[in-house]
Amino acid sequence: MSAPPELPEIVRRAFDVSRRAGYVSFCRNETGRLLATLAATREGTLAEFGTGTGVGTAWLRSGVREDAHILTAELDPKLAGAAAQIFEDDPQVEVRAADWSTLTDAAPFSLLYLDSGDPESVRVDAVADLVEEGGIVVLDDFTPCEGWPPVFQGRVDTLREEWLTDDRFTTVDVMVAPDASTLIATRR
């Protein structure tokens with residue numbers, strides 16, 4: 001293990017809220033540590049589309065600088081409410097119980113954290129203009145792939161291929177665990 005086993009307090013709180021809500025789909029610790037590290041380099045507004053119960057948001061918050069703000073949206077009002085409890089006294093985090101498209105009015109973002117679970121909503125064309133020049137997109141929940149073109153379940157992974165070849169971004173596929181990888185894309 002290349003990271004200390006202790007979790008930041010805000011992340012522990014988020015895991016507790018997640019367990020109480022019965023929610024088990026959340027940001028892995030390996031990805032979370034990456035998010036915290038990247039958040040520490042950003043100022044301005046960071047955003048997350050699909051808060052869940054706030055574990056990814058908590059990882060972002062554990063690294064975010066004092067001159068930055070995190071804006072996150074969750075469509076499920078129960079999950080958004082659970083996440084909002086974690087950050088209720090935190091002026092640097094705003095949780096909205098809404099579709100992620102309601103965040104577009106706050107763009108461009110210095111960092112945008114997305115889940116690859118709904119490929120159509122996270123295509124490059126759907127989010128490119130939401131990220132400032134030099135801004136970072138973190139696209140989570142890929143399975144590692146060593147070959148080219150990238151393949152998932154016997155088919156070309158067109159979402160990953162699109163991000164890795166789009167001229168508006170410099171993108172790398174980073175294996176965060178033996179069974180998980182994350183795309184990190186910087187807007188040119």
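## Strand pairing around E5

Two strands are taken to pair if DSSP finds at least two bridges between them, and strands (E, at least two residues) are, like helices (H or I, at least four residues), DSSP runs numbered from the N terminus. In this predicted model, local features need pLDDT of at least 70 and side-chain atom pairs count only at pLDDT 80 or more, while totals for chains, interfaces and linings use all residues. Residues are numbered from 1 along each chain as its sequence is written, and side-chain values use heavy atoms, with hydrogens and water left out.

Strand E5 (residues 131-142) runs parallel to strand E4 (residues 109-115), to which six bridges join it, and Asp-115 stands opposite Asp-140 of E5. Strand E5 is also joined by five bridges to strand E9 (residues 180-187), in this case antiparallel, with Leu-183 of E9 as the bridge partner of Leu-139.

## Overall fold and dimensions

The secondary structure comprises six helices and nine strands. The C-alpha atoms fill a box of roughly 45 × 35 × 30 Å along the principal axes.

Among contacts (heavy atoms within 4.5 Å) between residues at least 6 apart in sequence, 63% join residues at least 24 apart.

## Burial and charge

Of the 188 residues, 47% count as buried, that is, under 20% relative accessible area with a 1.4 Å probe and protein chains only.

The protein carries 17 positive and 33 negative charges, whose mean positions are 3 Å apart; Lys and Arg count as positive and Asp and Glu as negative, without His and the chain ends, and each charge is placed at NZ of Lys, CZ of Arg, CG of Asp or CD of Glu.

Key
Buried < 20%, exposed > 50% of the residue type's maximum accessible area, 1.4 Å probe, protein only.
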